[in-house]
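Okay, quick one from me today. Have a look at the structure on the screen, and then I'll walk you through a helix and some aromatic rings.

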Amino acid sequence: MTEPPKDFTWLSEHEPLDEIYCVSFVRDLSPEEVLRRFGVDESTMEEVPYDELGRRSAESMRDDAAGYIGAVKIGDWTLVIEPGGWKIAVDPEIMARVSRATETVSVCRHDYAEDTFTYIIDGQEIVCFDPMCPDERSGDDPDRFVREMREAGLDPEFDSDSDDSHIDFPMERAFALAGMITALPFSPEMLELRFLGAEPLED
């Protein structure tokens with residue numbers, strides 16, 4: 001597949017999320033609760049537009065992690081964006097806190113490390129893989145979404161060791177997979193919402 005999933009061409013055409021970010025969907029929690037579980041300075045919580053999330057995060061970036069994050073409720077899920085960050089997808093402690101008694105789906109881009117797709121239930125990593133290497137999956141049930149992966153163009157039997165093959169538009173396909181799981185496809189309209197933003201606590 002050489003074309004991106006049709007509902008996600010905007011990600012490659014406009015690149016609104018920069019070169020490092022984590023976009024997560026957390027089921028059945030309020031934005032306030034998600035931020036508390038993540039670990040923020042609650043005195044800094046306020047509603048801001050998406051562009052302000054990125055500006056504030058860049059101004060207070062810390063150790064290659066977001067200096068400001070935002071969350072907004074959409075249907076049964078809370079959308080969380082870490083501009084310049086990666087923690088819900090990768091940090092085991094934060095991953096466990098945020099997903100306690102619920103589930104999360106995270107798509108993380110990191111141009112200087114490794115991209116990550118992660119599905120977590122109650123602190124347990126169920127499926128995790130780099131969208132460039134969908135054959136190299138880990139987790140308690142790495143084959144849970146093989147049908148959806150194929151549909152998204154992330155062939156679960158892809159040979160990532162071959163020099164003659166690669167995944168086109170891996171991040172767009174990762175977001176397509178997230179949309180199949182959540183029934184909430186990531187869209188540019190979501191970035192027009194007002195987010196509850198806050199500064200993460202220092203480690």
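Helices (H or I, at least four residues) and strands (E, at least two) are DSSP runs, numbered from the N terminus. This is a predicted model, where local features need pLDDT of at least 70 and side-chain atom pairs count only at pLDDT 80 or more, while totals for chains, interfaces and linings use all residues. Residues are numbered from 1 along each chain as its sequence is written, and side-chain values use heavy atoms, with hydrogens and water left out.

After α2 comes G39, with a positive phi near 105°.

Now the rings. Phe, Tyr and Trp rings (six-membered one for Trp) pair if their centres lie within 6.5 Å; planes under 30 degrees apart are stacked, over 60 edge-to-face, the rest tilted. That gives 7 aromatic pairs. W10 and F186 sit with centres 5.3 Å apart and planes at 50°, so that pair is tilted. W10 is in helix α1 and F186 in the loop between α7 and β8, 176 residues apart. Both W10 and F186 are buried. Y21 and F175 have centres 6.4 Å apart and planes at 25°, so they're stacked. Finally, W10, Y21, F25, F175 and F186 form one aromatic cluster.

How values were computed. Buried means under 20% relative accessible area, exposed over 50%, partly exposed in between (1.4 Å probe, protein chains only).
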